[in-house]
Amino acid sequence: MTTRVKICGLGTPETLAAALEAGADLVGFVHFAPSPRHLGWPEAQALAAEVRGRAERVVLLVDPDDATLRAALESVAPDLIQLHGRESPERVAAIRALAGRPVMKALGIGAEADLARIPDYAAVDRLLLDAKPPPGAVLPGGNGLAFDWRLIAGARLPAGWMLSGGLRPDNVAEALARTGAPAVDVSSGVETAPGIKDPALIAAFVAAVRASAAAGRPSAAAGRPSAAADRPSAAADGRDVPLA
Ligand SMILES: O=C(O)c1ccccc1NCC(=O)[C@H](O)[C@H](O)COP(=O)(O)O
């Protein structure tokens, strides 16, 4: 099956076009004021209109209230709502019911114990496994940090789960080989500075994922990750840092 690719935090027509031309399956628009990738609703609406069915439109929200959710629905008409805050399973279910759209819940992974939260979110449409943010981080995601992929090697994960956190054109093939992820999500790894997406990096990331599939990537292995997971990771020391 084809590995699905999401490019998150797009903010200009040029970089959105680059993602679509590269063949991204999902494109993400962030609505979270502290983020360098934040889009107001008029900007998000204009970009979302450019997608025209060429990819799934994802709106990323952090602990949205009902008014924010309604604004997101009206502006972006998302195919998928990504929840990247501290939303409880009950709140996720309420958002899903109110929106009438599929929901993807992001869970921060920092230690094996974090995997125990996965069954609580069994009712979500998709699950995104991301690195926990470092202590005191302003952003609950989009920090460009990988978690230790060994934590999920061999874990029972729901169909269609997505891997994120610190992925880049030069490490995504290894991430896929080590985790067997059916889908990947990237933001910082295709940027030249926080919030500044690079069309060439976007194209390189999607190409790396497609090349990995063409090469027939092996099933998930539990061996020690070499490159990305050796770098400082928000998750590496297993501290119980909240997702948001
Ligand atoms: O990107 C942001 O600014 C952001 C803000 C608030 C919540 C989540 C955010 N980003 C999430 C993502 O872009 C991805 O889903 C994921 O965290 C991967 O990010 P990265 O490690 O930068 O590739």
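**Around strand β4**

Trainee: Start with β5. What is the bridge partner of Leu-83 there?
Mentor: The partner of Leu-83 in β5 is Lys-105. Keep in mind that this is a predicted model, where local features need pLDDT of at least 70, side-chain atom pairs count only at pLDDT 80 or more, and totals for chains, interfaces and linings use all residues. Residues are numbered from 1 along each chain as its sequence is written, and side-chain values use heavy atoms, with hydrogens and water left out.

Trainee: How many bridges join β4 to β5?
Mentor: Three, and the two strands run parallel. β5 spans residues 103-109. Strands here are DSSP runs of E, at least two residues, and helices are H or I runs of at least four, numbered from the N terminus. Two strands pair if DSSP finds at least two bridges between them.

Trainee: And what about β3 and β4, parallel or antiparallel?
Mentor: Parallel, over four bridges, with β3 covering residues 56-61. Leu-61 sits opposite Leu-83 in β4. Leu-60 has Gln-82 as its bridge partner in β4.

Trainee: Which helix does the chain pass through from β3 to β4?
Mentor: Helix α3, residues 66-76, and that β-α-β crossover is right-handed. Right-handed means that, with the strands pointing away from the viewer, the path from the first strand over the helix to the second runs clockwise. β4, helix α4 (residues 89-99) and β5 also form a right-handed β-α-β unit.

Trainee: Are the faces of β4 buried or exposed?
Mentor: Buried, on both sides. Leu-80 and Gln-82 are on one face of β4 (residues 80-83), Ile-81 and Leu-83 on the other. Buried is under 20% relative accessible area, with a 1.4 Å probe and protein chains only.

Trainee: Zoom out. What do the strands build?
Mentor: A closed barrel of eight strands, β1 to β8 in order, with parallel pairing.

Trainee: Where are the polar contacts?
Mentor: Those are N or O pairs within 3.5 Å. A ligand oxygen is 2.5 Å from a side-chain N or O atom of Asp-130. A polar side-chain atom of Asp-185 is also 2.5 Å from a ligand oxygen. For Gly-144, a polar backbone atom is 3.0 Å from an oxygen of the ligand.

Technical notes. Buried means under 20% relative accessible area, exposed over 50%, partly exposed in between (1.4 Å probe, protein chains only). A polar contact is a pair of N or O atoms within 3.5 Å; within protein, one must be able to donate a hydrogen and the other to accept it, and residues adjacent in sequence count only if both atoms are side-chain atoms.
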